Amino acid sequence: MATHYKYYKYDGAIDMQQRTRKERRFDETEQALPDFSSAVSPIKSVLRPTDKVHDILSYLGKKNPFPRAVTAEDTVWLLDNTAYRNEKTGQWEAEFIAATFSQHSSCPIIDAVSAIAKKIELDENDPNYPTMEERAKPFIQDIKPGTQVKALHGDSPPLKLGPGGRNGISSDTKTLPDSQGGALLPTFAEVPKGADGVKEMKTFYAEPEGWGVISDIDDTIKVTQTSDPIGILRTTFLDKPEVCPGMPELYRFIQSLVQETSPWFYLSASPYNLYPFLRDFRQQHYPHGTIILRDSSWMSLPGLLTTLTLGTEDYKVDRMEKIHSWLPKKKMICIGDSTQSDPEAYGEIYRSFPGWVKVILIRKVEDIAAIGIEAKNEPGRFEKAFKDVPRDVWHVFSTPAECNEIIQDAVSKPSSRLYLIHNPIQRQYSIMSAAKRQKSSKDVPYELIYWPGIPGRGEHVRLALEEAGANYTDSAHIKKGLELVIPHIDDKNIGDDHNPPPFAPPILRHGDLLISQTPNILLYLGPRLGLVPDDDEHPDALYKVNQLALTALDGLSNEVHDTHHPIAVSLYYEDQKDEAKSKSKDFVKNRLPKYLGYFERVLEGKASGDGPWLYGGQLTYADLVLFQCIDGTKFAFRKAMSGAEKSGKYVHVFQLYDAVKNRPRIKEYLDSDRRQAYSMGIYRHYEELDFAETIV
């Protein structure tokens with residue numbers, strides 16, 4: 001239950017909003033813009049008799065007995081949402097938002113466009129004039145109250161959304177069929193031919209625990225200039241959407257650390273009229289997430305300025321309370337800026353639900369045109385807004401890169417604490433070595449050092465980095481990259497003050513840390529890249545994932561290599577061809593089915609959890625290792641692996657292989673030039689070794 005400390009509420013944000021509106025003459029700009037939402041709007045005079053009936057019945061909301069159906073002349077928007085598990089039933093639920101309005105407007109669009117053009121001083125002959133017309137259209141289209149939208153979600157019966165209320169928007173909580181946490185599933189509007197709009201939405205399935213992110217949009221991730229009315233009009237109706245510098249990189253970094261089942265919420269004071277515009281912007285630059293907007297400015301251009309500058313704190317707190325009701329066990333990261341009331345809203349939600357919010361990041365907007373008044377950046381403002389919020393929870397930043405270490409420390413903190421509890425003999429060592437380890441946690445790219453020209457063992461590291469979207473360099477793709485490898489394995493290299501010399505590639509450098517050996521590198525990267533389940537839910541998960549990765553590397557990498565070099569790696573293949581045939585025949589007959597059978601058993605076991613993954617119901621680096629091992633073995637032993645797949649004995653193994661292969665980042669990587677072809681490395685194809693024994 002929420003504990004509301006209303007007496008903590010800092011009213012200074014409201015005062016700053018009022019001062020900003022006065023100093024920037026918001027009222028003057030609003031009065032110059034047309035408002036078609038009033039009762040005397042010309043819409044009323046053009047309604048047909050049936051429309052008038054639907055208009056009257058829409059006052060009944062969901063109790064409307066005769067909802068209006070979508071027509072071919074309508075525009076329908078289905079908004080992306082987030083599914084959560086009902087705490088009482090355990091079933092998936094989600095709030096579905098739909099908006100319906102006419103493709104046409106009974107209001108003169110020329111009036112709206114001309115008014116905007118006049119305020120931003122844009123000539124009608126300007127080549128950007130059509131852009132303004134297109135973006136202004138959702139503000140003046142006739143809304144369609146009382147409309148019911150049918151939508152198709154998977155194989156379930158059609159969902160009935162609505163009927164909508166007076167503003168043409170409907171909100172319905174629906175029970176959904178079971179799915180895997182982290183899944184992103186589509187829903188399609190079932191509408192007549194000719195109807196347009198955003199007819200496909202996506203539902204993200206968020207597990208109850210783990211991390212989540214709540215982010216503002218305007219002047220946090222997108223330049224909007226919310227403290228300047230002319231700036232708002234220009235950035236909304238004319239300018240190409242511009243990201244706030246460094247924020248896409250920060251969000252990719254956060255996404256690489258939190259689990260793939262972590263939901264993102266983009267909570268903005270912008271009106272719903274801007275949904276398609278903001279959705280496209282989010283898809284181009286930021287992680288997928290649910291966009292939550294205000295519904296108070298339909299058919300009202302002045303309403304755009306009002307919603308962005310008045311009542312934003314109460315609105316955002318109300319929406320965050322709803323998110324908390326869906327996901328009360330999550331650990332939330334809240335990100336906003338200093339132009340509006342984000343500090344006050346996040347401070348209040350922290351006090352209302354102690355322990356729910358773990359990190360608060362406030363972007364300090366330093367452009368006066370954007371912030372309106374300098375008082376918004378005064379330290380005293382933040383101190384009051386975050387009263388009784390621990391100082392290590394909230395952070396004000398100017399450069400997004402400042403936040404990387406903050407986020408990494410916060411995300412890794414629970415696992416580290418639990419590790420010390422389970423391993424008391426390590427407590428003293430962990431404390432003593434914390435400073436040294438921290439050097440490897442700085443905001444620096446990972447450096448993979450490996451032989452150019454072959455995937456080899458370095459491929460396991462690449463797949464982990466690619467899946468996480470990590471920032472890294474690869475000597476295999478650097479000119480004269482071989483010169484980066486040789487010095488490390490030179491017999492005169494004795495290491496440095498902190499790192500012993502590596503024996504052989506792959507080698508990973510991260511800050512001051514230099515380590516080698518594929519399993520060791522993955523052991524280091526796994527928790528940092530979110531490729532190991534959280535210890536809170538799966539104690540000692542790292543060691544179990546490592547066990548699975550080691551097994552795959554033993555049987556489907558090392559042993560595969562030994563089939564073509566069974567005597568000595570210093571000899572040519574041609575010098576040991578007969579022995580290679582014997583080794584390969586035994587591998588195909590005995591060893592290959594043994595390892596495939598083992599992983600099939602793992603995937604059938606309870607510890608693997610839901611979905612196609614090896615452990616904990618989520619993708620781990622062990623899945624990536626097994627994928628690469630299967631892929632390489634399919635290249636080397638084509639006949640045997642084809643027979644294994646067709647046999648039906650290893651269904652789950654090959655399902656995992658396909659699931660990894662079709663992950664968006666992995667798929668993009670495999671199709672790119674960064675993926676090197678198999679040649680003379682671990683996995684080689686020799687026709688004389690490609691036996692086709694039946695696998696039993």
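## Asp-318 and Arg-319

Asp-318 counts as partly exposed, at 39% relative accessibility. Its salt-bridge partner is Arg-319, with 2.6 Å between N and O of the two side chains. Arg-319 is likewise partly exposed, because its relative accessible area is 22% and the buried class ends under 20%. The model described here is predicted.

## Overall make-up

The protein chain has 696 residues, and 54% of them count as buried. Its secondary structure consists of 25 helices and 20 strands. Among contacts with a separation of 6 or more, 75% are between residues 24 or more positions apart.

The chain exposes about 30,800 Å². Carbon and sulfur atoms supply 52% of that area.

## Nonpolar cores

The largest nonpolar core holds 65 residues. Within this core, the residues that touch the most other members are Tyr-446, Leu-525, Leu-529, Leu-614, Tyr-621 and Ile-630. A separate core of 55 residues lies apart from it, and its members include Ile-221, Val-258, Trp-264 and Ile-291.

Leaving aside residues up to four places away in sequence, Tyr-621 touches Leu-522, Leu-523, Gly-526, Leu-531, Val-532, Leu-542, Val-545, Asn-546 and Ala-549.

## Other salt bridges

Side chains of opposite charge can pair when their charged atoms come close. A search of the whole structure finds 24 salt bridges. One of the pairs is Arg-68 with Asp-74, at 2.8 Å from N to O. Both of these residues are buried.

Lys-639 forms a salt bridge with Glu-687, and the closest N and O atoms are 3.3 Å apart. Lys-639 is partly exposed, with a relative accessible area of 41%. A network of salt bridges also links Glu-459, Arg-462, Asp-474, Asp-631 and Arg-675.

## Arg-363, buried without a salt bridge

Arg-363 is found in strand S15 (residues 357-363). The residue is buried yet has no salt bridge. The nearest side chain of opposite charge belongs to Asp-219 and is 5.4 Å away.

The backbone of Asp-219 does meet the arginine: its oxygen lies 2.8 Å from a polar atom of the Arg-363 side chain. Not counting residues up to four places away in sequence, Arg-363 touches Asp-219, Thr-220, Cys-244, Pro-245, Met-247, Gly-336, Asp-337, Ser-338 and Phe-397.

Arg-381 is placed in helix H14 (residues 379-385). Arg-381 counts as buried because its relative accessible area is 3%, and the class covers values under 20%. The side chain of Arg-381 reaches two backbone oxygens, that of Gln-340 at 2.5 Å and that of Lys-376 at 2.9 Å.

Pro-343 is 38 residues from Arg-381 along the chain, and the C-alpha atoms of the two are separated by 8.6 Å.

## Cis peptide bonds

Gly-162 and Pro-163 are joined by a cis peptide bond with omega of about 5°. Pro-163 is found in the loop between strand S6 (159-161) and strand S7 (169-176).

A cis peptide bond also joins Pro-505 and Pro-506, with omega of about 5°. Pro-506 lies in the loop between helix H18 (482-489) and strand S19 (507-510).

## Positive phi outside glycine

Glu-121 is a residue other than glycine with a positive phi, near 60°. The residue lies in the loop between helix H5 (109-120) and helix H6 (129-140). Glu-121 is exposed, with a relative accessible area of 74%.

Gln-517 is not a glycine either, and has a positive phi of about 75°. Gln-517 is found in the loop between strand S20 (513-516) and helix H19 (518-528).

Definitions and conventions: Residues are numbered from 1 along each chain as its sequence is written. This is a predicted model: local features need pLDDT of at least 70, side-chain atom pairs count only at pLDDT 80 or more; totals for chains, interfaces and linings use all residues. Side-chain values use heavy atoms; hydrogens and water are left out. A nonpolar core is a set of buried Ala, Val, Leu, Ile, Met, Phe, Trp, Tyr and Cys residues joined through side-chain atoms within 4.5 Å. Buried means under 20% relative accessible area, exposed over 50%, partly exposed in between (1.4 Å probe, protein chains only). Contact means heavy atoms within 4.5 Å. Helices (H or I, at least four residues) and strands (E, at least two) are DSSP runs, numbered from the N terminus. Lys and Arg count as positive and Asp and Glu as negative; His and the chain ends are not counted. A salt bridge is a side-chain nitrogen of Lys or Arg within 4 Å of a carboxyl oxygen of Asp or Glu. A polar contact is a pair of N or O atoms within 3.5 Å; within protein, one must be able to donate a hydrogen and the other to accept it, and residues adjacent in sequence count only if both atoms are side-chain atoms. Accessible areas come from the Shrake-Rupley method with a 1.4 Å probe; for residues, only the protein chains shown count as cover.
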